[in-house]
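The exercises below ask for a careful reading of side-chain pairs, backbone angles and surface patches. Each task sentence is followed by a solution that goes step by step.

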Amino acid sequence: MGCSKRSESAILLGFLLLIIAESVVGRFVVEKNSLRVTSPDSIKGTHDSAIGNFGIPQYGGSMAGTVMYPKENRKGCKDFDDFGISFKSKPGALPFFVLVDRGDCFFALKVWNAQNAGAAAVLVADNMEEALITMDSPEEDHASLKYIANITIPSALIDKSFGESLKKAISGGDMVNVNLDWREAVPHPDDRVEYELWTNSNDECGVKCDMLMEFVRDFKGAAQILEKGGYTQFTPHYITWYCPQAFTISKQCKSQCINHGRYCAPDPEQDFSSGYEGKDVVLENLRQLCVFIVANETKKPWVWWDYVTDFQIRCPMKEKKYNKECANSVIESLGLDLKKIEKCMGDPIADSDNPVLKEEQNAQIGKGSRGDVTILPTLVVNSRQYRGKLEKAAVLKAICSGFEETTEPSVCLSGDVETNECLDNNGGCWQEKTANITACKDTFRGRVCVCPVVNGVRFKGDGYRSCTATGPGRCIINNGGCWHETRNGITFSACMDNEEGKCKCPPGFKGDGVNSCEDIDECKEKKACQCPECSCKDTWGSYDCTCSGDLLYIRDHDTCISKRATEVKSAWVAVWVILIGLAMAAGGGYLVYKYRLRSYMDSEIRAIMAQYMPLEGQKEVPSHVSDDRA
């Protein structure tokens, strides 16, 4: 029996994971912060702790508290309220850092339960003697969605022996006070911070992708302020893997890779029979890298944030818009050189290296103090991998902690960051400069492009390239986008206030109705005032026609007539009409009378004469008197 398509997907995915493991075997660096015990004296000292990859570490700062080890629910896998345990500190007292044991549930769940019980931070004691590891959030556990995004307290993993020392001191009745210090977690050598984000364009890869997309949208404003001010140097990166040599000609590798298996990404749905393919993700990752490269060449590297956020909104996989056409429309709306970007991307079917993606694969390997990139997404600040929740305020703290003292930009000294993204190139949205109308709407999370409603008139369109006024009243707003002009207090408009929204030049003008309507010279073109007595003078939008002497111009008939003659002539015309009518009636009556009378008399005379003097050719009329005399 053959394997199912989903089984084939799982097999190849396993090979890809193996390749990933082989590529990062070298150096995974656990990012640490300092944990210093201030009392009791028996365990006083400084220890390392591994920063958790969720919650909000206080980068650039420190935090003091009292360690509490619960008597029940010591692994923290259940709700502490079920045991009547609270970690809320009293006013004026140090906050509580809860110590829990590793095991039985996710690290993030332990921290979530402690946070709900009032803890200010969480220390997780390892259950085996080993090097510290990074506590990460669950990869695809949808049940954890409700709490991962809401964890706001810092957490750290400590080694087993140090954990046992803390437990022993607490059980002996000592108050254990510690200080968590993140001030040296990020190097701060100078007045510029270099940071990079290892990301992915795939928006259907689960919980982490959703959190990544939300972070990019939220952080865009702050990132662009820092970049435009020259305070930071940002670089985006994308992870790719290669296909095993034995599988490069397989259907699975061909669907997930470009350049003959050199650069691959897992199938978004992990199902080769439907949906998008891994190579679609690789191509969009490559496009986003080239967008950054081209934007950087124009000294505007921050445009990458605009492209990525717009692509997320306009070209999601769920709506089947994750494609080249949609991407190109976003590129054009931002004014980027599409040809340069396509040249940068190269040929995805060529059996050769792609310089851009090859460089990305080399960058995945750790250099200096930075370890290999194995967690996606990963933020690296001054060559140190950021640990914690990808959240605007937390990441901004981490970046600001990378500046040398006294060189921080003002944005790092303010309580929050607010930027009006519509001020720069109108946010890449549609704009009508004449009427000062824009589809760009600035929000706390960033700008959105939505066609506006102005004075009750609704604009329709995509908000990025076009917005058109529709419905009654459209001519009120910038004359509906049609031509209009006012002279000598008279205004002519080509706007037709109806649902069709057409622009048509008014009578007396000619043109397209949108850009121009030119006055027609009726006199010169001999369209009016052409009678012999007429004198024509063209005016804007019309004409004036005057007649010589005491004459009156009739516009409808384009002729001149005398005012007095009109009245006299009208009277004589009436008289003559009457006389002519009477004459015609009399003549007609006479003719009828004459004809009928003469006809009657002729017939009578002929009858009498016929009795006494027969006419020629007519037989004698026989006598009606009898000859019989007897």
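## Exercise 1: Charged pairs

Lys44 and Asp41 meet through their side chains in a salt bridge, at 3.0 Å from N to O. The model is a predicted one, in which local features need pLDDT of at least 70 and side-chain atom pairs count only at pLDDT 80 or more, while totals for chains, interfaces and linings use all residues. Residues are numbered from 1 along each chain as its sequence is written, and side-chain values use heavy atoms, with hydrogens and water left out.

Solution. 

Step 1. The criterion is a side-chain nitrogen of Lys or Arg within 4 Å of a carboxyl oxygen of Asp or Glu, and a search of the whole structure with it finds 14 salt bridges. In general, side chains of opposite charge can pair when their charged atoms come close.

Step 2. Because Asp353 lies in the loop between α10 (338-345) and α11 (355-363) and Arg262 in the loop between β10 (257-258) and β11 (263-264), the pair ties together parts that are 91 residues apart in sequence. Helices (H or I, at least four residues) and strands (E, at least two) are DSSP runs, numbered from the N terminus.

Step 3. For accessibility, buried means under 20% relative accessible area, exposed over 50%, and partly exposed in between (1.4 Å probe, protein chains only). Asp353 is partly exposed at 44% relative accessibility, and Arg262 is partly exposed at 25%, whereas Asp41 from the opening pair is exposed at 63%.

Step 4. Arg287 is buried with a relative accessible area of 8%, and Glu284 is buried at 2%. A further group, Asp101, Glu164 and Lys167, is joined into one network by salt bridges that share partners.

## Exercise 2: Aromatic pairs

Task: Classify the ring pair of Tyr195 and Phe234 and that of Phe215 and Phe219.

Solution. 

Step 1. A pair of aromatic rings is described by the distance of the centres and the angle of the planes. Rings of Phe, Tyr and Trp (its six-membered ring) pair if their centres lie within 6.5 Å; planes under 30 degrees apart count as stacked, over 60 as edge-to-face and the rest as tilted. The structure holds 14 aromatic pairs.

Step 2. Tyr195 and Phe234 have a centre-to-centre distance of 5.1 Å and 45 degrees between the planes, and their pair is tilted. Tyr195 lies in strand β8 and Phe234 in strand β9 (residues 232-238), so this pair ties together parts that are 39 residues apart in sequence. Tyr195 is buried at 2% relative accessibility, and Phe234 is buried at 3%.

Step 3. The ring centres of Phe215 and Phe219 are 5.2 Å apart with their planes at 20 degrees, so this pair is stacked. Both residues lie in helix α5 (residues 207-228), four residues apart, about one turn of the helix, and both are buried.

Step 4. Tyr195, Phe215, Phe219, Phe234, Phe292, Trp304 and Trp305 form one aromatic cluster.

## Exercise 3: Backbone angles

Task: Decide whether Asp104 is buried or exposed, and do likewise for Asn426, buried or exposed.

Solution. 

Step 1. Most residues other than glycine have a negative phi, and most peptide bonds are trans.

Step 2. Asp104, although not a glycine, has a positive phi of about 75 degrees; Asp104 sits in the loop between β4 (96-101) and α2 (107-116) and is exposed at 69% relative accessibility.

Step 3. Asn426 has a positive phi near 55 degrees and lies in the loop between α13 (410-413) and β14 (431-432), where Asn426 is buried with a relative accessible area of 9%.

Step 4. The peptide bond that joins Ser39 and Pro40 is cis, with omega about 0 degrees, and Pro40 is placed in the loop between β1 (32-39) and β2 (45-51).
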